[in-house]
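Dear colleague,

I am handing over the structure we spoke about, together with notes on what was found in it.

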Amino acid sequence: MAQAKTLNKSEFKQLLDVTNSCSRYPLRDSTMLLFTHLCGLRVGEVAALRFDDVLDANDTVRDEMTLDAARTKSKRARKIFLPKQMQRQLQAYVNSLNKQPQHGYLFSTQKSARFSANTATQHLQRLYARAGISGATSHSGRRTWLTALSQRGVSVFVLADMAGHRSIQTTQRYVTVNDEMKRNAAELI
């Protein structure tokens, strides 16, 4: 099976522009996408997020959160750092809601209190398709996130820990080497 496409900056902008202009629920959908692209969450982890994960007792967006072991693929808890752009997006999304639903899930569908991992996967796939980005899947955000961090010189050991991988070999499979990375490496001499 082919790996999910890693998006470049213009494709990422196109994805958000199309989502924000064409989606029935633009803030929800762009927030879900940004969790994969800015925080490296797996789609199942996004689907399982609760308000308590991202909001403190004063309903203020946190700058970091912890995913408990039961909601991660590796069955190990991990800390997720929320960049400022993600915090602003989350605040806008939360502010757009009339009230927090009693079920507590951050993202819900018209028919269900929450997205299942499968439904969320299909939903993100449709968002990529609507934006005309072929080869992209619900895992593209995570691959793009790891590649972007690697491109900025973040150690593979830090990447593995942030991604929740037990082995750096797993992390290395996610990183796409591109001409910009090689050009930057050549300039280090």
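This is a predicted model: local features need pLDDT of at least 70, side-chain atom pairs count only at pLDDT 80 or more; totals for chains, interfaces and linings use all residues.

Helix H1 covers residues 9-22 and helix H6 covers residues 117-130, and the two pack at an angle of about 105 degrees with their axes 9 Å apart. Because angles of 65 to 115 degrees count as roughly perpendicular, H1 and H6 are placed in that class relative to each other.

Helix H1 also packs against H2, and here the axes come within 8 Å and cross at roughly 160 degrees. The two helices are therefore roughly antiparallel, given that the cut-off for this class is an angle over 145 degrees. On the H1 side the contact is made by Phe12, Leu15, Leu16, Thr19 and Asn20, which meet Pro26, Asp29, Ser30, Leu33, Leu34 and His37 on the H2 side. This contact of H1 with H2 divides into six nonpolar, four polar and one charged residues.

The residues involved are Thr36, His37, Leu38 and Cys39 of H2, together with Ser140, Gly141, Arg142, Thr144 and Trp145 of H7. By class, the contact of H2 with H7 has three nonpolar, five polar and one charged residues.

Turning to the aromatic residues, the count comes to two aromatic pairs. In one of them, Phe35 and Phe107 are edge-to-face, at 6.2 Å centre to centre and with 80 degrees between the planes. Phe35 lies in helix H2 (residues 26-39), whereas Phe107 lies in the loop between helix H5 (84-96) and H6, so that the pair ties together parts that are 72 residues apart in sequence. Phe35 counts as buried because its relative accessibility is 0%, and Phe107, with a relative accessible area of 0%, is buried as well. In the pair of Tyr93 and Phe107, the ring centres are 5.4 Å apart and the planes are at 35 degrees, so this pair is tilted. Tyr93 is in helix H5 and Phe107 is in the loop between H5 and H6, 14 residues apart, and the pair links distant parts of the chain. Both Tyr93 and Phe107 are buried, and Phe35, Tyr93 and Phe107 form one aromatic cluster.

Another aromatic ring to look at is that of Tyr105, over which the charged end of Arg50 sits, 4.5 Å from the ring centre. Tyr105 is also among the residues touched by Phe51, which, leaving out residues up to four places away in sequence, touches Val94, Leu97, Gln100, Pro101, Gly104, Tyr105 and Leu106. Phe51 lies in helix H4 (residues 51-54), and its relative accessibility of 2% is why Phe51 counts as buried. Phe51 and Gln100 are 49 residues apart in sequence, while in space they are 7.8 Å apart, C-alpha to C-alpha.

Asp59, found in the loop between H4 and strand S1 (64-67), has a phi near 60 degrees, a positive value in a residue other than glycine. With a relative accessibility of 43%, Asp59 counts as partly exposed. Thr109, which is in the loop between H5 and H6, likewise counts as partly exposed, at 22% relative accessibility. Not counting residues up to four places away in sequence, Thr109 touches Arg28, Arg114 and Phe115. Thr109 and Thr119 are ten residues apart in sequence and 9.3 Å apart in space, again from C-alpha to C-alpha.

Note on methods:
Residues are numbered from 1 along each chain as its sequence is written. Side-chain values use heavy atoms; hydrogens and water are left out. Axes are lines fitted to C-alpha atoms, for helices over the stretch in contact, and angles run from 0 to 180 degrees between N-to-C directions. Helices (H or I, at least four residues) and strands (E, at least two) are DSSP runs, numbered from the N terminus. Angles under 35 degrees count as roughly parallel, over 145 as roughly antiparallel, 65 to 115 as roughly perpendicular and the rest as oblique. Rings of Phe, Tyr and Trp (its six-membered ring) pair if their centres lie within 6.5 Å; planes under 30 degrees apart count as stacked, over 60 as edge-to-face and the rest as tilted. Buried means under 20% relative accessible area, exposed over 50%, partly exposed in between (1.4 Å probe, protein chains only). A charge sits over a ring if NZ of Lys or CZ of Arg is within 6 Å of the ring centre and within 35 degrees of the ring normal. Contact means heavy atoms within 4.5 Å. Ala, Val, Leu, Ile, Met, Phe, Trp, Tyr, Cys and Pro count as nonpolar, Asp, Glu, Lys and Arg as charged, and the others, Gly among them, as polar.
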